[in-house]
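This report describes selected side-chain interactions and surroundings in a single protein chain. The sequence and the model are shown first.

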Amino acid sequence: MHPLTQEVAATYLKELKSFWNILDGKKISKEFNFKDFMEAIEFVNHVAKIAEEEGHHPDIHIYYNKVLVELWTHAINGLSENDFIVAAKIEKFLS
């Protein structure tokens with residue numbers, strides 16, 4: 001499998017409901033803000049459940065009430081359709 005081209009990744013990015021960034025053409029990322037640490041942790045736990053169900057695990061960085069989620073496919077060192085599927089499921093949880 002090869003990473004998605006930047007054009008294809010940009011098309012998938014437009015289908016997401018909220019604003020995600022493409023980093024270095026290899027990752028998508030989004031920072032989520034919450035009222036406090038416990039709400040951020042609850043979100044992280046739900047993201048973990050999504051990741052386990054999908055068998056596709058993001059990098060997650062927690063900064064008190066902020067959570068940075070980075071998705072990319074390590075095996076291909078770039079973006080795959082799975083990254084956008086997990087991003088969409090994270091968004092669905094928040095809506």
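## Salt bridges

The side chains of Glu54 and Lys89 form a salt bridge, with N and O 2.4 Å apart; a salt bridge is a side-chain nitrogen of Lys or Arg within 4 Å of a carboxyl oxygen of Asp or Glu. This pair links distant parts of the chain, since Glu54 belongs to helix H2 (residues 37-54) and Lys89 to helix H3 (residues 81-94), 35 residues apart. Helices (H or I, at least four residues) and strands (E, at least two) are DSSP runs, numbered from the N terminus.

The model is predicted: local features need pLDDT of at least 70, side-chain atom pairs count only at pLDDT 80 or more, and totals for chains, interfaces and linings use all residues. Residues are numbered from 1 along each chain as its sequence is written, and side-chain values use heavy atoms, with hydrogens and water left out.

Searching the whole structure gives two salt bridges. In the other, Glu70 pairs with Lys27, and the closest N and O atoms are 3.8 Å apart. Here too distant parts of the chain are linked: Glu70 is in strand S4 (residues 66-71) and Lys27 in strand S2 (residues 27-33), 43 residues apart.

| Residue | Relative accessible area | Class |
|---|---|---|
| Glu54 | 30% | partly exposed |
| Lys89 | 37% | partly exposed |
| Glu70 | 12% | buried |
| Lys27 | 23% | partly exposed |

## Aromatic pairs

There are six aromatic pairs, counted when rings of Phe, Tyr and Trp (its six-membered ring) have centres within 6.5 Å; planes under 30 degrees apart count as stacked, over 60 as edge-to-face and the rest as tilted. The pair of Trp20 and Phe32 is edge-to-face because the ring centres are 5.9 Å apart and the planes stand at 75 degrees. Trp20 lies in the loop between helix H1 (6-15) and strand S1 (21-23) and Phe32 in strand S2, so the pair ties together parts that are 12 residues apart in sequence. Trp20 and Phe32 are both buried.

Ring pairs join Trp20, Phe32, Phe34, Phe43 and Phe93 in a cluster. Lys30 lies over the face of Phe32, 5.1 Å from the ring centre; the criterion is NZ of Lys or CZ of Arg within 6 Å of the ring centre and within 35 degrees of the ring normal.

## Two buried loop residues

Pro58 is located in the loop between H2 and S3 and is buried, at 13% relative accessibility. The C-alpha atoms of Pro58 and Leu71 are 4.8 Å apart, although 13 residues separate the two in sequence. Not counting residues up to four places away in sequence, Pro58 touches Val47, Ala51, Val69, Glu70 and Leu71, contact meaning heavy atoms within 4.5 Å.

Leaving aside neighbours within four places in sequence, Thr73 is in contact with His56, Gly78, Leu79, Ser80 and Asp83.

Terms used
Buried means under 20% relative accessible area, exposed over 50%, partly exposed in between (1.4 Å probe, protein chains only).
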